[in-house]
Amino acid sequence: VRQPPTPFLQKLLAIHAANSSDFTSSIFCEKFSHIPCRLDVKKPVFREKSLQFLAGQTRDLKSKSVVFSSQNENDELERGGSSACTDDSMLTALGNDGSNPGKAAVDSLLHCGADRSQSAENLGNQGCLLDKLKAVHLHILAMEQWNASRLKLCHRSYSISAGNLIHFLALKSLDVAQLKQDLSSVGLLNLETINPHVIASLSAGIQTLENLNPNSLNSKGTVEGVFNSKILDKLSKGEFKISKMTQRASSNRVLLLGQPQDDRASHIMVTIGQEAVESGTLINDLLETGTTIMRINCAHGNQNVWSEIIRRIRRSSHMLEKPCRVLMDLAGPKLRTDKMKPGPCVMRLSPKKNGAGNVVFPAQVWLSPQGAGAPPAHLSPDALLFVDGEEFLTKLKIGDAVRFSDARGKRRMLKISKKFPIFAGVGFIAECTRTAYVQSGTQLCIKGNKSKPLVGFVVDVPPVEQFVRLRVGDLLTISRDSSNEQDEATTSKVGVHRVTCSSGYLFDSVKPGEPIAFDDGKIWGVIKGTSNSEIIVSITHAGPKGTKLGSEKSINIPESSIRFEGLTSKDLMDLDFVATHADMVGISFVRDIRDIVVLNQELAKRKLRNLGIILKIETKGGFENLSLMLLEAMTSPYPLGVMIARGDLAVECGWEKLADIQDEILSICSAAHVPVIWATQVLESLVKSGVPTRAEITDVANGRRASCIMLNKGKHVVEAVSTLNTILKGSSKKVNAELKPLVISRRLI
């Protein structure tokens, strides 16, 4: 004969059984829907009344205190408390006195072990542990029932995932530290790893304890009569089984990103731009080394460039038989410095010198026909010069000395050292042992023995990128009007600089005293003064020799209450192009569910069905509202994913919090069965210089928890993809196989 439930569990059943019809009311659905993704268990889950029962796990009647909070006339929460009461009086407080218990919610159900005087044996008591797990189980099912109206809005393909997300949030709202310790002491269940299948894991733990304790009350009978039939039907049909949950997460990942390649669990994404058009081999090389997704940033380039990039991706993918999807990120309402006035069209050729000023390595210069594009991927020249002169290039050979006069009138020489066949003909590597400045129109000449000299002309030298160099203590003026922009060379005062930003959001929102950051936090300052057209900033952090601030660099105001529109007019125009050319669209700077509502409306207007949606989390608001945004996005059938954009996210939330924030995002998305893209500064040193840091390798290994890892563009990006591919394919089994077995000598036994 099974024993009745303990007093602790009886109180719990009373809470959930009382006026159960009220649990599905819109009030509870609305209140719980505003739960943030990062829950503070010290705050009530609901805004009306919240009861917290600090009950000991003893089965005898003892004095306990009821702590609660309620709304005052200003719609603010006030804390209150009762005097000591017994179990019976506590049940009275739950509604036996005629009050409406349906509007009271349990904030924390698990303080059943808070009595520190208990022995270790009591902490491991199976009966009490079973009560605790049943309490959590009931609380989670109640949360699902309270949010039934919101779950009904979710598309059928996301209904189970949305339910598991609610289960996860309900578990996170509880203080389960003591329960974790109790479960660990008996080696039963790890609450840190059950995110993808919360209710199934708890049910399995309860079933195990019931099998070990035949005198316990069967959990099936516990929930019957408390929750509606739909929830019980889901449980009985096994819709929340671990196998089904795992299959759902895998299906969502494949639907959005495709099947991983080369025996990897994660995808590799690479950002590409204009360089993919200029190089005839870059896309092929990226696909060959393991890239499965290409990313295009709509903040740079135009539709003509994007069309050509995508055309090359599709062609190379088909030719190499390597599947590759395309993600296009909408620029979003990001604050950036405007483009600066172009500098002179001059290129500097500079050899490497030692401390004594002697040349130790000449400058490597690539010479090729006009329009030939970038050199082969395995070459890393210091400068690219395009030459107009077919006969000049045809007769050029290794060992020739090419003479010219640079922009200053200095006579200089290039020595041809290597020759390479390319798509447009032939290209050369030349060496320059003296510093030279080459401009468009510079005449290159080869003197023949008896024939007339061969001549070619340098063309298409790009303008020098302009910038301001900021040091600590400098003043920076941010102007709304670009007509006030001054050249750095003509700045009237030392330590006073000027850049422009045409976004009105910046000038309408900031206040003196607020911090401001530039270029992903490389430069920091404090706002000293504002007007309708200018902002004065005092620089507080920069490099020892100053830090460059150039065109189109990010601006962040982490403490400002700035409010952006979800999709800008440029985003809407770009969305038309993305819808017909790309597989996925990245939504930048999402902050709350209003942004998701607008996005769904725009996608519905275009009658899109298969376009994948990537929510880029790069602001504090986006992180705090992630759970709500996911539930809102799940009301539509589009494949869904999340990108952890760690650049802006670190600046907005604080560097020291980034590690915890990215772990929290991974946990939430794991519960929602939503794939995650691990982005920003992955293997950055390797991409830019060709040599990774130890921390970058560890970061990549940590990123294997995500469904996709993204690399930014750089000179050595192909090498970085190859390295990343090797790391992702590596496994602990391979490492263990390389370890030699420990041999113990008989003499030591």
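Student: Where is Ala582 found?

Tutor: The model is a predicted one. In it, Ala582 sits in the loop between α18 (569-581) and β27 (584-587).

Student: Why is Ala582 called buried?

Tutor: Its relative accessibility is 12%, and buried means under 20%. Ala582 therefore counts as buried.

Student: What does Ala582 touch, leaving aside its neighbours within four places in sequence?

Tutor: Ala582 is in contact with Arg314, Val326, Met328 and Leu611. Ser307 is 275 residues away from Ala582 along the chain, and the C-alpha atoms of the two are separated by 9.9 Å.

Student: Is Ile614 buried or exposed, and how do you know?

Tutor: Ile614 lies in strand β28 (residues 612-617). With a relative accessibility of 0%, Ile614 counts as buried, since the label needs a value under 20%. Not counting residues up to four places away in sequence, Ile614 touches Leu256, Leu327, Met584, Val585, Gly586, Ile587, Gly641, Val642, Met643 and Ile677. Of these, Met643 is 29 residues from Ile614 in sequence and 6.5 Å from it in space, C-alpha to C-alpha.

Student: How many residues does the protein chain have, and what share of them is buried?

Tutor: The chain has 749 residues, and buried ones make up 50% of them. It contains 27 helices and 31 strands. Among contacts between residues at least 6 apart in sequence, 72% join residues at least 24 apart.

Student: Which residues of helix α25 are buried, and what puts them on the same side?

Tutor: In α25 (residues 694-703), the buried residues are Glu696, Asp699, Val700 and Gly703. They cover an arc of only 100° around the axis, so they lie on the same side of α25. The general rule is that an α-helix has 3.6 residues a turn, so residues three or four places apart point the same way. Arg694, Ala695 and Thr698, on the other side of α25, are exposed.

Student: What covers the buried residues of α25?

Tutor: The cover includes the helices α22 (646-653), α24 (684-689) and α26 (717-729), together with the strands β30 (676-679) and β31 (708-711).

Student: What makes α21 roughly parallel to α23?

Tutor: Helix α21 (residues 626-633) and helix α23 (residues 658-672) pack at an angle of about 25°, with their axes 11 Å apart. That angle makes α21 roughly parallel to α23, because the cut-off is under 35 degrees. The crossing of α21 with α23 is right-handed. In the contact, Leu626, Ser627 and Leu630 of α21 meet Ile665, Ile668, Cys669 and Ala672 of α23. These divide into six nonpolar, one polar and no charged residues.

Student: Why are α7 and α21 called roughly antiparallel?

Tutor: The axes of α7 (residues 159-172) and α21 cross at roughly 165° and come within 10 Å. Angles over 145 degrees count as roughly antiparallel, and α7 and α21 are therefore given that label. Their crossing is left-handed. Ala162, Leu165, Ile166 and Leu169 of α7 make the contact with Ser627, Leu630 and Leu631 of α21. By class, the contact of α7 with α21 has six nonpolar, one polar and no charged residues.

Notes
Residues are numbered from 1 along each chain as its sequence is written. This is a predicted model: local features need pLDDT of at least 70, side-chain atom pairs count only at pLDDT 80 or more; totals for chains, interfaces and linings use all residues. Side-chain values use heavy atoms; hydrogens and water are left out. Buried means under 20% relative accessible area, exposed over 50%, partly exposed in between (1.4 Å probe, protein chains only). Helices (H or I, at least four residues) and strands (E, at least two) are DSSP runs, numbered from the N terminus. The arc is that of the directions from the helix axis to the C-beta atoms. Contact means heavy atoms within 4.5 Å. Axes are lines fitted to C-alpha atoms, for helices over the stretch in contact, and angles run from 0 to 180 degrees between N-to-C directions. Angles under 35 degrees count as roughly parallel, over 145 as roughly antiparallel, 65 to 115 as roughly perpendicular and the rest as oblique. A crossing is left-handed if the near helix is turned anticlockwise from the far one by less than a right angle, and right-handed if clockwise. Ala, Val, Leu, Ile, Met, Phe, Trp, Tyr, Cys and Pro count as nonpolar, Asp, Glu, Lys and Arg as charged, and the others, Gly among them, as polar.
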